[in-house]
Amino acid sequence: MKKGLLWLTEVQDPNDGCFGSKKTPKYMYNHALATLAMVELYGMTESPRFLEPAQKGVEFLLAAQNPGKGWRYA
C-alpha cells in the first residue's frame, strides 16, 4: 500500500495537479479516486509530505467542474 501511495505522488502532474495521464479515457474518474486516496492518507497521517499532493488534487477537481458544478468524462 505504501508503494502505491508513493507512486501516486510520482505520477501527479506538478503543474496542474492531475494524478496520471489525461490521455486515458475517463481520466477524471481515475483522478478523483487518486485524490480521495491522497486526502485520506493526509487525514490519517497528517504528514506534510502528503498535504501538497492532496491539495493540488482537490484544486484540479474544482478547476475541472463545468458551470453546473459537475464533471463530464474529460
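**View 1. Confidence along the chain.** This is a predicted model, in which local features need pLDDT of at least 70, side-chain atom pairs count only at pLDDT 80 or more, and totals for chains, interfaces and linings use all residues. Residues are numbered from 1 along each chain as its sequence is written, and side-chain values use heavy atoms, with hydrogens and water left out. The mean pLDDT of the chain is 92, and 97% of the residues reach at least 70; pLDDT is the predictor's confidence in each residue, from 0 to 100. Helices are DSSP runs (H or I, at least four residues), as are strands (E, at least two), numbered from the N terminus.

**View 2. The salt bridge of Glu52 and Lys56 in helix α3.** The two side chains meet at 3.6 Å, N to O. A salt bridge is a side-chain nitrogen of Lys or Arg within 4 Å of a carboxyl oxygen of Asp or Glu. Lys56 and Glu52 are four residues apart, about one turn of the helix. Lys56 is partly exposed, its relative accessible area being 22%.

**View 3. A salt-bridge network of Asp13, Asp16 and Lys22.** Shared partners join these three residues into one network. Between Lys22 and Asp16, the closest N and O atoms are 2.9 Å apart. Lys22 also meets the side chain of Asp13, at 3.7 Å, N to O. Lys22 has a relative accessible area of 36% and is therefore partly exposed. Asp16 is partly exposed at 30%, and Asp13 is partly exposed at 22%. The structure holds three salt bridges.

**View 4. Gln12 in the loop between α1 and α2.** Gln12 is buried, because its relative accessible area is 11%. Its side chain reaches the backbone oxygen of Gly17 at 2.9 Å. Leaving aside neighbours within four places in sequence, Gln12 is in contact (heavy atoms within 4.5 Å) with Gly17, Cys18, Phe19, Pro53, Lys56 and Gly57.

**View 5. A nonpolar surface patch of Val39, Val58 and Leu62.** Together the three residues have about 220 Å² of accessible area. Accessible areas come from the Shrake-Rupley method with a 1.4 Å probe, and for residues only the protein chains shown count as cover. Patches are made of residues with over 30% relative accessible area and no salt bridge; like charges are joined within 9 Å, and nonpolar side chains (Val, Leu, Ile, Met, Phe, Trp, Tyr) within 5 Å. Val39 lies in helix α2 (residues 27-45), and Val39 counts as partly exposed at 35% relative accessibility.

**View 6. Trp7 in helix α1.** Trp7 counts as partly exposed, at 49% relative accessibility. From Trp7 to Thr45 the distance in space is 17 Å, C-alpha to C-alpha, and the two are 38 residues apart in sequence.

Terms used
Buried means under 20% relative accessible area, exposed over 50%, partly exposed in between (1.4 Å probe, protein chains only). A polar contact is a pair of N or O atoms within 3.5 Å; within protein, one must be able to donate a hydrogen and the other to accept it, and residues adjacent in sequence count only if both atoms are side-chain atoms.
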